[in-house]
Amino acid sequence: VKSDIEMSDLTFRCQRIMQTEIEVIKNQLSRNRIDVLYGHAQFVDPHTISVTSSDRTVIKKSADKVVIAVGAKPFRPPNIEFNGETIFDSDDILQMKELPRELLVVGGGVIGTEYG
């Protein structure tokens, strides 16, 4: 372990961990024969979805059970100016150039707790 940890060290480690976790999840889904489709989806009927991928390919898939994993984005209240210098959201923190000596985390959700 380095004595002077820099933000780039943390960012590199974070990216490695995220890639590893993504691969673990993909492998688990594959082993359990679960199809994963990427793109914009809509239900055609209660058991069928139509997915349009980034290259505009449309795939229809039917199943008894459908899991929709849409991801998440941080909430940015309109009355708070997120400037990337003194006020950050959880995504901005990953782009910081330097590790701050002090940091106040507002919000006690999973991501806020991890940063704390």
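Predicted model: local features only at pLDDT ≥ 70, side-chain atom pairs only at ≥ 80, totals over all residues.
**Entry 1: strands β2 and β3.** I began with strand β2 (residues 48-52), which is joined to β3 by five bridges, the two running antiparallel. I count strands as paired if DSSP finds at least two bridges between them. My strands (E, at least two residues) and helices (H or I, at least four) are DSSP runs, numbered from the N terminus.

Residues are numbered from 1 along each chain as its sequence is written, and side-chain values use heavy atoms, with hydrogens and water left out.

Entry 2: On I went to strand β1 (residues 40-45), which runs antiparallel to β2 and is joined to β2 by five bridges. β1 and β2 also make a hairpin, with two residues between them.

Then I picked out Val51 in β2. Ala41 stands opposite Val51, and in β3 the bridge partner of Val51 is Ile59.

**Entry 3: cover.** Which strand is enclosed, and which lies in the open? I took buried as under 20% relative accessible area, exposed as over 50% and partly exposed as in between, with a 1.4 Å probe and protein chains only. Four of the five residues of β2 are buried, so β2 is largely enclosed by the rest of the structure. Of the five residues of β3 (residues 58-62), zero are buried, so β3 lies largely in the open. Across the protein, buried residues make up 11% of the 116 residues.

**Entry 4: the whole chain.** I stepped back and found two helices and three strands, in the order α-β-β-β-α from the N terminus on. The radius of gyration is 19 Å, well over the 13 Å that the globule rule gives for 116 residues, so the protein is more spread out than a compact globule. That radius is taken over C-alpha atoms, and the rule is 2.2 Å times the number of residues to the power 0.38. The C-alpha atoms fill a box of roughly 50 × 40 × 30 Å, taken along the principal axes.

**Entry 5: contacts.** I last checked contacts, meaning heavy atoms within 4.5 Å. Of the contacts with a separation of 6 or more, 18% are between residues 24 or more positions apart.
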